[in-house]
Amino acid sequence: RPLPLSSSLSFKQRALIQNANRIFDSNPMLAILLVEKGEVIFERYHPQVGPKTPLLGYSMSKTLTALTVGRIHCSGLLPDLDRKAKSYDDRLAGTQYGEATVRQLLMMASGAARGSAKRGGSPLNPPAHLPNAFFGNPWYAGYADVQKQLLDYGSPQKKQDQSSVTAGEEFSYKNLDTQALAFVAGGQDRPEFSKSFATLFWPSVQAEDVAYWIHDQKGITHTPSSFHATLRDWAR
């Protein structure tokens, strides 16, 4: 279902478009799309991309992950959000993510290694026993095996007095609480996460183009940041 184009523009909309063009011309932009009341009022792309280019959504993927978990919950496949995550998928056992409830993972309150908005939600520091296993290192094996990421960064966060942060005790923006949801939403007796996304959530968007997630070598979806869609489908 194509997004409709606005047939007429108000004075304020024309002024907004003029400003959008200035922003585009003075910044390293890939694309801008402005939608008001369901109609496209402005659309512009860098010469090397276009309306059919799937664009990486980074942490907007986290929102799509949470929405999909909600749809799976409503379908009855995740009947209780207050059960520990490891009870839905034992691959989370032995990690703080598994000790947290599904609701706490959705709230980014697992109690595992703290993340940072500044670093895209990654843990702030590598674990002491793995000094070179940190996000940002291109040779870190956890990029190819996200279960390894969860194991490497799955110890409880320590307070200044060396006591452990408990699940639900604090909010900390991070990638791996959302990554753990890939196992909760798509483990054992449930379809893989991206399959549930494709059947339970994406059809309601009424997208007009191809979209996709990135997976690790074992087929687990990178739920925190990997969803790609065209700009118009992101606008939906």
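The following legends describe close-up views of a predicted model.

Residues are numbered from 1 along each chain as its sequence is written. In this predicted model, local features need pLDDT of at least 70 and side-chain atom pairs count only at pLDDT 80 or more, while totals for chains, interfaces and linings use all residues; side-chain values use heavy atoms, with hydrogens and water left out.

View 1. Helices are DSSP runs of H or I with at least four residues, and strands are runs of E with at least two, numbered from the N terminus. Ser-172 has a relative accessible area of 6% and is therefore buried (under 20%; exposed is over 50%, partly exposed in between; 1.4 Å probe, protein chains only). Its side chain reaches the backbone nitrogen of Gly-115 at 3.0 Å. Leaving aside residues up to four places away in sequence, Ser-172 touches Met-108, Arg-114 and Gly-115 (heavy atoms within 4.5 Å).

**View 2. Aromatic pairs of Phe-197 with Trp-202 and Phe-227.** Rings of Phe, Tyr and Trp (its six-membered ring) pair if their centres lie within 6.5 Å; planes under 30 degrees apart are stacked, over 60 edge-to-face and the rest tilted. The count comes to 11 aromatic pairs. Phe-197 and Trp-202 are stacked, at 5.6 Å centre to centre and 25 degrees between the planes. The centres of Phe-197 and Phe-227 are 5.1 Å apart with planes at 65 degrees, so this pair is edge-to-face. Because Phe-197 lies in helix α7 (residues 193-201) and Phe-227 in the loop between α7 and β4 (228-229), the pair ties together parts 30 residues apart in sequence.

Key. Polar contact = N/O pair within 3.5 Å; in protein donor to acceptor, adjacent residues only side chain to side chain.
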